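Me: I am new to this structure and would be grateful for a close look at a single part of it. Please describe that part in one connected account.

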Amino acid sequence: MTESLPPGSLSIYDEFSAGPAVFLRMDERGVATGYNGHVDLGTGIDTALSQIVAEELDLPLSSVHMVLGDTASTPDQGPTIASETIQVAAIPLRLAAAQARLFLAAEAARRFNAPIDGIAIEAGCVGWQDKSCGYGDLIAGQDVALKLDRTTPVKPPANYRIVGQRTGRRDLSDKLRGTHPYIHDVDIAGMVHGHVIRPPYAGRDSGVFVGHSLIRYDEAAVRNLPGFIAVVRHGDFLGVVAERADQAQLIAEALPAHWHLPPDIPDMADLRQTLKDHPSTPRSLDRAGDFDRAIAECDVARQRTYVWPYHEHGSIGPSCAIADWNGGTPLVWSGTQNPHMLRDDLAVLVGVPTERIEIRRYQAAGCYGRNCADDVCGDALLLSRATSRPVRVQLTRAQEHLWEPKAAAQLMEVNGGLKAGALHAYAIDTWYPSNRGPNLSLLLTGSTSSEARPSDMGDRTIIPPYRVPHRRITVHDMAPIVRAAWMRGVSALPNTFAHESFVDEMAYEAGEDPVAFRLRHLDDPREADLVRRTAEQAGWAERVGPRLRREGRMAFGQGFAFATYVHGTFPGTAAASAAWVVDVAVDTETGEVALTRIFIGQDQGLVINPDGVRQQIHGNAIQTASRVLLEEVTFNEISPTPRSWAAYPIQTFPAVPEIETMLIARPDDPPLGVGESAAVPSAAAIANAIFDATGVRMREVPFTPEKMRAALAASGTMPALAAAEARPLRSRSPLRKKLLGLGAVIGGMLCDGYDRPAAQSVHCTFRCACVRHFLQGDTRTWPAGVCAW
């Protein structure tokens, strides 16, 4: 919402149902502040948005500040999801900056008695002939508020000097020094500490037992413990407040509480059958031709099933929040992705009007989806209301692992085939058990119904990009089995795993190179250009079947996959397109799969900050490689089981492969979202590389050593692998472990970047020091930093 204007200011605002909201403000110093309702999840979006404002206003970057996500001052632009910040939420900000520049140019023309097209603008100064002044001088003493004009012309890309240039992240220096303020660092005067006691139905948010399982607790048993302030109970919400955090945890652990046990969940060890049996409603998304007739006409027809597991968001830092009841006008300090949506939830929770609650947003541990950041805000607010004091709550590692809404599992069944060597029929049915992660405090207190509700999020990128005359595309909407919500890539990542694995298999059946087969079936010239150029620059080796390259017990392969990430309500909006070429090494004895090199080409239209885009690509590659090779949530009879990293391992720095990127810069096209696109082809590319190495198709994630050994044994390909002729390989350790320093963490920041005209490739590579070389079963070790290539 807008605030009162200070003297000497220019603001650009728009009207919303809740009232006016400011997108841009300039003060009499000539400093511009942009307001955006999305938040920075650690991706450096603050820098990219500042570049957009600086470019349109012809200001130096140092004269632009951004306010992100604070509900008192930013517009409600929805949650920070679906790669929409640059592609969607930045549009009014760009227009506001352009409109401000036009106003200032007109003011300068009036002051100088000059034609407006004769006004020169550079670095926040305006001039005509021998006259000049700064932006601030033009608005000094005025209070100018202009309604956003969405028809305002913006600067042509040919005139860009800031957008498209490599720009270092403005938050990074403080983060490297440890001085950047995260939500965990916030300290409010008079603040005390809370600790919550969760019910035994960890990780579940639907069923009649939710909110009705607490039988009793004994406050008298803990009332005299050091630091005790209060025990707070509302339905199944139970928490304690103490002077210090350690005291609050000790009191919570000592508090006797008795609960009803929840009913069992279905057998999650048999995920395929459990997902198939769970109640669902089919939703037809695409019908073309006559699938039933066409599949009978196919020369080659295959039915395949692909399984995706539950994943943790796995935030390294457990969620934290501070709330101050503040006499009924609450203040909440939060690491949420969804500040305005969170404010609505908290208003329901405590029964006050939404506009009386203020969310002050701070950066938190990375999540790229719905973790416990919103839940802990409800915890803190309930405890603050009960004690009339500011209360800080930080979850434990076990609470975060057990209770965060998981990234949903998914089942994909594909039926398709070839006729005369071309894709003729394709059907996919997908099951995705998720909702949108209702706030846990609302559920525990009974403020919202615990009725199981399905979500419509299983349809992202569900339409394959290839020409198939006969199609039948169906999503089976279903309520969650356990608590589940969105995570990076949402259902697009599993859906693409199915699409691209199956298309790769059809290329093999057609006796055609997988890249050539894809290009023959792509009608979109821009997508085809990305596929072709990625394959060329990555050094794709053409083949018509698995090459089964061997060096001792090691098998080596290369895989390809491609996708355009489509997000939002079906039919959705296309974000950036990405293509992967990945090299793998498979230990045929242990089953270990290692990625040795990832090459990712990406077409994102206009590139705001090449460094920022590369960092997103690196982050996507590292995170999704971990999900595909290692990560899987396990369950007991009533709840998830991982309580720590020991039970839920993630990829570590030494396992990160060499990552290379190619950006196809198209400055005359709109910018497309890049927050998730590079993740989407990952699983299929890795699976296709494993096939090239071993002849085995992996259709169930994660590709753990146990699953790999079982697949090799069941396939009967082991004798063929053993007999395969060893071929000379470049001197690179197949299972090398790398010591990653700062460069691996910040990805593309250290890569070369170029400002290129339309449709030019920008290529970079980053290599790390080897610390281990694995060859023909022997392990050799060098000191860190000594290359073993």
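Reply: The buried residues of helix 6, which spans residues 245–254, are Q247, A248, I251 and A252. Buried here means under 20% relative accessible area, exposed over 50%, and partly exposed in between, with a 1.4 Å probe and protein chains only. Helices (H or I, at least four residues) and strands (E, at least two) are DSSP runs, numbered from the N terminus. Viewed down the axis of helix 6, its buried residues fall within an arc of 130°, so they line one face of the helix; the arc is that of the directions from the helix axis to the C-beta atoms. L250 and E253, on the other side of helix 6, are exposed.

The model is predicted: local features need pLDDT of at least 70, side-chain atom pairs count only at pLDDT 80 or more, and totals for chains, interfaces and linings use all residues. Residues are numbered from 1 along each chain as its sequence is written, and side-chain values use heavy atoms, with hydrogens and water left out.

The partners of helix 6 come next. Its buried residues pack against strand 9 (192–197), strand 11 (228–234) and strand 12 (237–242), where contact means heavy atoms within 4.5 Å.

Beyond this part, a search of the whole structure finds 0 disulfides, a disulfide being a pair of cysteine sulfur atoms within 2.5 Å. The sulfur of C133 lies 7.8 Å from the closest cysteine sulfur, that of C125, which is too far for a bond. C133 is buried, with a relative accessible area of 11%, and C367 also counts as buried, at 7% relative accessibility.
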